[in-house]
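Let's walk through this structure together, one region at a time.

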Amino acid sequence: MATITPAQGELQVRTFQRSPLSRMRGHLGGMWGRPITQAVAKALLTIYVTSTITFGLIRLMPGSPVEIKIDELMQGSGMSYADAAAQVSGLFDINLNAPIHEQYFEYLGNLAHGNLGSSFLSRGTSVMSIILSVLPWTLFAVGTGLMLSFIVGIFLGLFAAYRRNSLLDHAVSTGGSIISSVPGYLIALLIILIFGIQLRWIPITQMRGAFTSGITPGFTPEFVGDILFHASLPITVFFLTHIGLWILSMRSATLAALEEDHVTVARARGLSDGRITTAYVGRNAVLPLVSQFAIAAGAVVGGAVIIEQIFVYQGVGLRLVASVNQRDYPLMQGIILMTTVCVIIANLAADLLYSKLDPRIGRAGGATNK
Amino acid sequence: MTAATGLIDRRDVSRIPAPLAGLVEFLRMMSKKPVGLIGLIGVLFFLFLAYIAPLIVPLQDAVDVTAIYAKPSWAHPLGTDFQGRDVVNQIVYGGGDIITTAILAALFSTLIAITFGSIAATVGGRIDALILAITDVALTIPQLILLIVIAAIFRPSSFFVLAVILALLQWPALLRQIRAQVLSLKERDFVEAARSLDLGLLHIIFREMLPNMRSYIVIHFIIAMTLAIYAQAAIMFLGLVPVSGKNWAIMLYFAYNQGALFFKDSFFYLMGPIMAIALFQLSLVWLASGLEDVFNPRLRS
Amino acid sequence: MPVLSVRDLSIEYRTRRGPVQAVRDVTFDLQQGETIAIIGESGSGKTTLAVGLIRLSPRSARVTKGEIRYDDGKRAFDVLSLDSERLRRFRWADCAMVFQAALSAFNPVITIWEQFLDTGRAHGMGDKHKVHDRTKELLDLVHLDPKRVLTAYPHELSGGMRQRVLIAMALLLDPRVVILDEPTTALDILTQRAIIDLLRELRGRLGFSTIFISHDLSIAAELADRMLTMYAGRVVERASVEDLFYRPRHPYSVGLMRAVPRVSGALGSVVSIPGSPPDLIRLPPGCSYYPRCPFHIDQCLAEDPPLLQVDTPNHEAACIRWEAVAAALGSDAEAPVAEKLA
């Protein structure tokens, strides 16, 4: 056994004498201050509060799912109330008559295990699996639209800034401003109305839904082509909804970057305009936009609801509206939670990304003093 | 500069001066950037349309089955709807509800944001931390989704209730802004002067700091209106709110669900409300943009 | 053959109130290996002039007349006549400019090495290793550790280090002319000392000609061979360093000398010049120094005085009363001005 110095020994004794709580704090003490720990803690807190709020809100909804289902059965198959009630009672495996706080704790307990419960209406199907089956569609459409709008918007914004006050600049800026003011679903309706109905350029009836039912899923070009066909309108709408923001943001960021001293110095150094535009102006201008992008990505999942409704695109939004109408509590809770988690992840990603891209933040260096 | 006169001198930002001279100056500044002026005209036009026009034009509510989805004609400049009613008439009568609700919602959210933002910034400490934490959580939850759920729960039929609900979702962003502003203003001389004169917290907030933030508040009020309209149209379109009454969003709901999409002649039944909403939003945004320039002291000569 | 010959250079800015005559009829020569200091107060036009020499003025500025002749023995041309590509190649390779060592002189998101590489590549040094070797050589010359500096980002270096890096970068392409704009203003006094010594050492080794702009007369005294005093956009005196310090002939130069506190001077010997520079948009007729000048007479208002040869060789002053100034100072060339006038 290695000998320990008196100092070490003293330290060991002292540590042992402290209460377990303070010992634990001592361990965590180093970690507590770090921003990532704080961010994660905040995230967990938000998730907790969100789940509680949604639980509470949903239980406040008039009309329990049981009643609705009973109504449905009575109207659909002409059953008597008693028969319908009997059938329905076997349907739901959550005891809706238990006191509310019991339900709450059961809910929280499940949540801690990552179990979102089962859907009321499709007995036996876990909420998680339902969400996982619709989320990718939404993410695909939204993600593609957002990314395209970012890339195109960045270039247009840069362009407009370089040709400041020219006709092109005014056209691009005004266009961007107009498009960003109109709500996304109105743009969707306009597209359908003008290009689909009046001009008959787009076969909108065929484009409903996320995919044509006849085609077998797989990585075949046929299937992929079909997906793109169906997703093209939603993607276009997401593209148009956001591009205005990127154009205007990039334009103002570029104008600011062009004023920076180091750009003047770069020109004095005889650097080519191309190099200056990309590495000196562009990179500095785009920096704040990247985290804006991450945040928008998180938020846009929620905004897709109406657009999916209009195009009957089977994504998360569509499912949510259906579950609201059917009072499918677990599914509603699950979707709200999921979307909130998306936002949280996106925000964390935004912070992380920014600190990675901007060397002034996060690097352990810092100016040495002479 | 003594403490007393200092209170008068410091209005360096957003000062809309008294009566007529001020109005002329205001219009002059707006006309420098046409966007703002166009926005102002647009907003005034729609306000007129929504509030004054209904007093002039009689309501045409009769169902006329013979004229369903009639083509645009002199009698019906924008055609008719699925029950034979005139579209133009509906547009005239359709603005009031939406705009009133939007104004109320913006008012409520602005009030909440100002109150709690100022309190958070001036009092500081734990209360500040608490308010900030609540705000952050509120900001994280996707607004539209929460709105959908809330709308389905409460089924608001009066626009007052609807306004309250909408306001509840919009205050976080403005609150952070107000709080940041107040934090920076707190350090300024005139606040120090007011404090040394023992003028009391409420006086300091409402008589000293808020006037300096007038520009923020007005602009955010307008933006809050656009968000409220966006949200209203969304939930009405989805049919989550009892579809009684008439307004542009409900027109959209009916138009969409009564198959107006598939008839060539009913084009304006859909286009009408879409354009009304879109143009009003646009006017609001442009007005806000114009006001931003007017309020920016650096752009004044 | 002077390396740089500037003749009647005039630059104006467009502003809302009207055109600002920031630089008016500036004429001077820069000889091979010579160091010229351009001195003046804020707004005298010295920075506009410096930046104008490499045509880097902002978009609102215009050269209204003049020429900037560059001649390094192998090529000769008027800088103002270069097209954009040749101008780009002229910049840094023939004439480099060292700006103030502010953090914002560097691109914050790329490393120092990349910025050297960019500079080299822009001027046809395609071989990365060659650029690297030359960079290391220069960093050694400015007494910096290449390993530490090259991998760093600008915000990780101190102000003194950044200034040295800027100097090293300026010498990358072995330019014939180096312009320095307030090279030591942003630095503390110890670092200033170091930079001044460094500049002297480099100049001795590499033999480039220097123009430096400053409002600090002591630097001029240390480094310059000749000096130009600028006031309200014009050159008001051209002289060797000794002549300007001991035998100034323009009242403004005299005022400047009196305004510098001297270690050995009597306590009351520092006097600032009363009044302020004229409005460069609406310039009054005649000599622009008239309102603040203790030697003025009515004749001074008639027209802007040209540079007149004074009583020592290679020494001109834009003042019709230079003889009176000389008389007031006395003909004794030895005693420093401030003490004389105390």
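Predicted model: local features only at pLDDT ≥ 70, side-chain atom pairs only at ≥ 80, totals over all residues.

Helix α7 of chain A covers residues 127–162 and helix α14 of chain A covers residues 316–326; their axes come within 7 Å and cross at roughly 135°. Because angles over 145 degrees would count as roughly antiparallel and 65 to 115 as roughly perpendicular, α7(A) is oblique to α14(A).

Now zoom out to the chain around these helices. Chain A has 15 helices and zero strands. Of its 370 residues, 35% are buried. Among the contacts in chain A with a separation of 6 or more, 72% join residues 24 or more positions apart.

Take Ile148(B) as an example: leaving aside residues up to four places away in sequence, Ile148(B) touches Val305(A), Leu320(A) and Val324(A), along with Ile235(B), Leu238(B) and Leu240(B). As a general point, nonpolar side chains tend to be buried together in soluble globular proteins.

Where does chain A touch chain C? The contact takes 26 residues from chain A and 27 residues from chain C. On the chain A side, the elements that give two or more residues are α12 (261–268) and α13 (273–311). The largest share of that side, seven residues, comes from α12(A). By class, the side of chain A that touches chain C has eight nonpolar, nine polar and nine charged residues.

Chain C brings in strands. Four of them form an open sheet in the order β2-β1-β4-β5 of chain C, with antiparallel pairing. At the edges sit β2 (18–30) and β5 (76–78) of chain C, each pairing on one side only. Neighbouring strands of this sheet are turned by 10° against each other on average, direction ignored. Strand β4 of chain C, residues 61–71, pairs with β5(C) in the antiparallel sense over three bridges, and Asp71(C) stands opposite Ala76(C) in β5(C). Finally, helix α1 of chain C (residues 46–53) packs on the sheet, touching β1 (4–15), β2 and β4 of chain C. The direction of α1(C) makes about 70° with that of β2(C).

Conventions
Residues numbered from 1 in each chain as written. Chains lettered and ligands numbered in written order. Contact = placed C-beta atoms within 7 Å. Helix = DSSP H or I, 4+ residues; strand = E, 2+ residues; numbered from the N terminus. Nonpolar A, V, L, I, M, F, W, Y, C, P; charged D, E, K, R; others polar. Pairing = 2+ DSSP bridges. Axes fitted to C-alpha atoms, helices over the stretch in contact; angles between N-to-C directions. Buried ≥ 20, exposed ≤ 12 C-beta atoms within 10 Å, placed from the backbone. Parallel < 35°, antiparallel > 145°, perpendicular 65-115°, else oblique.
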